Amino acid sequence: MCATSVLPSRELRDLRVSCQGFGCLPTTAFYGRPDRAAAVRTLRAALDAGVTLFDTADVQGVGAGEELLGAVLADRRDEVVIATKFGMLRSPDGAFLGLCGRPEYVRRACEDSLRRLRTDRIDLYYQHWIDPSVPVEETAGAVAELVREGKVRHFGLSEPSAATVRRADAVCPVSAVQSEWSLWSRGIEDEVVPACRELGIGLVAYAPLGRGFLTGTIRSTDDLAADDFRRAQPRFAAANLGRNLALVRRLGAVAEGLGVSVAQLALAWVQHRGPDVVPVPGTCDPAHLADNVVAAALPLGPAELAAVDAVIAGTPVHGERYRLEMLAMTGN
């Protein structure tokens, strides 16, 4: 396992974090039923590897994700940056109920997250997709109040448009924008990334391994648990998944030449998008975590990056990253 000093830090505007964070989604929900003991081991291994940014959300496991993270980090709270999200509503049985950015809800959600996380402040508080019925200025104003009270340290946005970033930042400085960004999800590059860089806002890349597809371990839908949410997403549908394997095969040839795995190559590519980019890969396996951390230091020169870019340019991705009704809610 890598020592803390091996994992350098990066700046998300005014928030310093490890150059690679940890996405907590697989520890509680969405990718089949997780093994709690394995999740705890992996979270602790991330701490020992020098990861300081832990990314969760109140909807993960309907609060269970925050509770698990709070329990694991309780005795090392001052060593880490906790990021969580508000604004996506789910019922106790997990049903999706819509989006909410109303100021009174933001405050209530914050208090609930603080309790579950066993902490007195949230280091990075994201609006989890934008509620189209509430002006983002109102939501940002509510977060600004929480910042003044010390309950939140930094404000973030998840999956915003470039215009939304500018509007929110004018009310409450945005430290980070989190969006899906990987070799097969590059939609933020034309508008969102330039806007963030103009404003000095950091970029957090979630699903940098294509929700596990770019690891090369998913060959068919049979490799996914019956309750895995990826089964309902277009890129993982049987009609598309087989064709998308071409991307993994072609990346595999590049990775083999470098002596690394496809997953490490894909993650290193995201790490090389810029010094303001922090990917947050998630896993419930300490061995996979160790592989991910190694990727943070993998050097990719112009020739290697050109080889990867050639694969991307010559290999179409089949299917949208979300179902259309979900994609519409992201604003992108």
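These questions and answers walk through a predicted model.

Student: Which strands stand at the edges of the open sheet?
Tutor: The sheet has eight strands with parallel pairing, in the order E3-E4-E5-E8-E9-E10-E11-E12. An edge strand has a single partner strand, so one side of it is left without a neighbour in the sheet. That picks out E3 (22-23) and E12 (277-279).

Student: What is the bridge partner of Ser158 in E10?
Tutor: Start with the two strands. E9 (residues 152-158) and E10 (residues 174-180) run parallel, joined by four bridges. In E10, the partner of Ser158 is Gln178.

Student: Which strands does helix H5 touch?
Tutor: Helix H5 covers residues 162-169 and packs on the sheet. Its direction makes about 160 degrees with that of E9. The strands touched by H5 are E9 and E10.

Student: At what angle does helix H3 run to E8?
Tutor: H3 covers residues 103-117. It lies across E5 (81-86), E8 (122-128) and E9. Its angle to E8 is about 135 degrees.

Student: Is Ala207 buried or exposed?
Tutor: Find Ala207 in the loop between strand E11 (202-206) and helix H7 (238-258). Ala207 is not a glycine, yet its phi is positive, about 50 degrees. Buried means under 20% relative accessible area. Ala207 has 12% relative accessibility, so it counts as buried.

Student: Over which residues does pLDDT stay under 50?
Tutor: The chain has a mean pLDDT of 92, and 95% of its residues reach 70 or more. Where pLDDT is low, the predicted coordinates should not be read in detail. The stretch under 50 is residues 1-5.

How values were computed. Residues numbered from 1 in each chain as written. Predicted model: local features only at pLDDT ≥ 70, side-chain atom pairs only at ≥ 80, totals over all residues. Heavy atoms only, no water. Pairing = 2+ DSSP bridges. Contact = heavy atoms within 4.5 Å. Axes fitted to C-alpha atoms, helices over the stretch in contact; angles between N-to-C directions. pLDDT = per-residue confidence, 0-100. Buried < 20%, exposed > 50% of the residue type's maximum accessible area, 1.4 Å probe, protein only.
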